[in-house]
Amino acid sequence: MKVSVIILNWNGAEMLRRYLPSVNRSLRSLQDRFAARPASPEGFCELIVADNGSTDESQAVVSEFQDVRWVAFDQNYGFAGGYNRIINQVDSEYVVLLNSDVEVTEHWLEPLITYLDEHPDVAAVQPKILSWLSKEKGDQPVLFEYAGACGGYMDQLGYPYCRGRLFSTVEADAGQYNTNTDIFWASGACLCVRTNIYKELGGLDAGFFAHQEEIDLCWRMNSRGYKLACVPSSVVYHLGGGALNYEHPRKTFLNFRNNLLMLYKNLPCCRLLPTLLIRFPMDYAAAFHFLVTGKGANAWAVVKARIDFLKKIRLYRPIRQENIRLATVKQIPTICKKSLIIGYYLLGQHHFKDFHTAHE
């Protein structure tokens, strides 16, 4: 099998009803095109829905699609644990991690596969990810989607940002990022990765449960000499916030806690302590901002995230030691050497071209 497209589901029957048809239709068309070619691989692509212990009508929805394989887990293993379990069961050359709230375009998959075929040093790619809500509203041009936009980067303190999105400022897609480019992280909303490298690096960190685990995995890829890229000729539309609303306190907790764990796991020794010391007041400033804006539950989530991070340091110490030992790249070029906080809030750099290109 050339590629397995995997949708991880948890009580997402409504999402599957809305978005699964476009994915199934595109893969059937792709399979038909490759089956007609001489010496084409048997079974070029497959579509799998892996279910994290749903209690809704998800299985009944998937059963309406005869070409879709249903794999059920006994409980909710989270985004990371669920994907690790199902990917360990496939032997395709490539695997696509696809959110259940993504609508794909007809030829979304071919550019991703072609790019990986032609660039053996690239471990993973993502498409251009646009906002499904913006498209449905009829926006012209359509907005980028928050979770990944047109490829992800990270600043020196561990704050992620994208071509097309800095913090809450999301740009409209006017073709300004239509070039293939190397990136630091590819979005888990639609992540196409070499299966052998995914398994070689241990997959997603199941301890994260959900949020920023794909950035952590991409950091390991970068530090061990692999590249990642965005291929904007591939386009998908992402609803976003399908499992948790963007302002849900649980999401706040996971984002802050996992970001700190990611820094601890991957930062070189010379940068770890200075970075964590700077992040301490910055995180509590974020908590204070939540508090004064009437989001007390989110403020408490930030505090709990830092407490839980400190509790988990001992558990993650051997993982950090292994990551540092196996790292072959000392300075990753797609990590910005400046502060996104300073650029965004003090210098007014609210767009990617204003912040990132000013520091290249």
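Colleague: How many of the 10 residues of helix α4 (residues 109-118) are buried?
Modeller: This is a predicted model, in which local features need pLDDT of at least 70 and side-chain atom pairs count only at pLDDT 80 or more, while totals for chains, interfaces and linings use all residues. Residues are numbered from 1 along each chain as its sequence is written, and side-chain values use heavy atoms, with hydrogens and water left out. The buried residues of α4 are Leu109, Glu110, Pro111, Leu112, Ile113, Tyr115 and Leu116, where buried means under 20% relative accessible area, exposed over 50% and partly exposed in between (1.4 Å probe, protein chains only). Helix α4 is largely enclosed by the rest of the structure, because the number of its 10 residues that are buried is seven.

Colleague: How are α8 and α10 oriented to each other?
Modeller: Helices are DSSP runs (H or I, at least four residues), numbered from the N terminus, and axes are lines fitted to C-alpha atoms over the stretch in contact, with angles from 0 to 180 degrees between N-to-C directions. Helix α8 (residues 249-266) and helix α10 (residues 296-326) pack with their axes 7 Å apart, at an angle of about 30°. Angles under 35 degrees count as roughly parallel, over 145 as roughly antiparallel, 65 to 115 as roughly perpendicular and the rest as oblique. Helices α8 and α10 are therefore roughly parallel.

Colleague: Which residues of α8 does α7 meet?
Modeller: Helix α7 (residues 213-223) packs against α8 at an angle of about 15°, with the axes 10 Å apart, and that makes the two roughly parallel. From α7, the residues Ile215, Asp216, Trp219 and Arg220 take part, with contact meaning heavy atoms within 4.5 Å. Their partners in α8 are Met262, Leu263, Lys265 and Asn266.
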